[in-house]
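Me: I have a protein structure open and would like to go through it step by step. Could you help me read it?

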Amino acid sequence: MLWIIGILGIVLLTLCTAGAGVGMVVGFFFFLIGFGEMKNRSRTLSSLLLSKDTLMIVGTMGVVLVYFLLSYWNLKMIGDATFPGLLGSTIREISGRQLLAAAFLYTLWTTISLYWLLPKVFSFDGLGLKIQLIALSAAGTSILYGIIKL
């Protein structure tokens, strides 16, 4: 049972980590493409960097970067706990508490970013229901695996 939950968590967190990474790369390229157009409208570098569009893009990319790092951290911890390899019992003893703490941080950040930061602060409503369900399922699986691991 624990092994199945671990594999499910690895799959869901891999999807979340890969999606966030691809989103950052694509967002950065679109920012660079739009940066040239914004540069033509703006006269000074400071007004260009402090424009509303630039701050919204940088803020959104910051939210996604934190999500990516937390997702990767949970993925690494679940992977180490599910497949300990040469680490053996040492990783099993400390991994439950650390995984539960990482899972709570990941769940908190996922909920805050999906339902408050992205839609209300940055006016980004582009995530569909499937993506939200995958992100919340990954968070729930991380918490469940951490609780069982304790």
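The conversation below goes through the model topic by topic.

Me: What kind of model is this, and how are the residues numbered?

Reply: Residues are numbered from 1 along each chain as its sequence is written, and side-chain values use heavy atoms, with hydrogens and water left out. This is a predicted model, in which local features need pLDDT of at least 70 and side-chain atom pairs count only at pLDDT 80 or more, while totals for chains, interfaces and linings use all residues.

Me: What is the average pLDDT of the protein chain?

Reply: The average is 82, and 80% of the residues score at least 70. The term pLDDT stands for the predictor's confidence in each residue, from 0 to 100.

Me: Which elements have the lowest and the highest mean pLDDT?

Reply: Helix α2 (residues 45–49) has the lowest, at 63, and helix α5 (residues 129–149) has the highest, at 89. Where pLDDT is low, the predicted coordinates should not be read in detail.

Me: How many helices and strands are there?

Reply: The protein chain has five helices and zero strands, in the order α-α-α-α-α along the sequence. Both are DSSP runs numbered from the N terminus: helices are H or I with at least four residues, and strands are E with at least two.

Me: What span should α5 have?

Reply: The expected span of a helix is 1.5 Å times one less than its number of residues. For the 21 residues of α5 this gives 30 Å, and the end C-alpha atoms are 30 Å apart, which agrees.

Me: Which residues of α5 are buried?

Reply: Among them are Gln132, Ala135, Ile143 and Tyr145. Buried means under 20% relative accessible area, exposed means over 50%, and partly exposed is in between (1.4 Å probe, protein chains only). Ser137 is also found in helix α5, but Ser137 counts as partly exposed because its relative accessibility is 35%. Of the 150 residues of the protein chain, 37% count as buried.

Me: How far apart are Ser137 and Thr107 in space?

Reply: They are 9.6 Å apart, C-alpha to C-alpha, and 30 residues apart in sequence.

Me: Changing topic, how many aromatic pairs are there?

Reply: The count is three aromatic pairs. Why is the pair of Trp3 and Phe83 edge-to-face? The ring centres of Trp3 and Phe83 are 6.3 Å apart and the planes are at 90°, so this pair is edge-to-face. Rings of Phe, Tyr and Trp (its six-membered ring) pair if their centres lie within 6.5 Å; planes under 30 degrees apart count as stacked, over 60 as edge-to-face and the rest as tilted.

Me: Where in the chain are Trp3 and Phe83?

Reply: Trp3 is in helix α1 (residues 2–41) and Phe83 is in the loop between α3 (52–82) and α4 (89–121), so the pair, 80 residues apart, links distant parts of the chain. Phe83 counts as partly exposed, at 45% relative accessibility. Phe28 and Phe29 form a tilted pair, with 6.4 Å centre to centre and 55° between the planes.

Me: How many salt bridges are there?

Reply: The count is one salt bridge, which requires a side-chain nitrogen of Lys or Arg within 4 Å of a carboxyl oxygen of Asp or Glu. The side chains of Lys76 and Asp80 meet in it at 3.2 Å, N to O. Lys76 and Asp80 are separated by about one helical turn because they are four residues apart in helix α3. Lys76 counts as partly exposed at 44% relative accessibility, and Asp80 counts as partly exposed at 24%.
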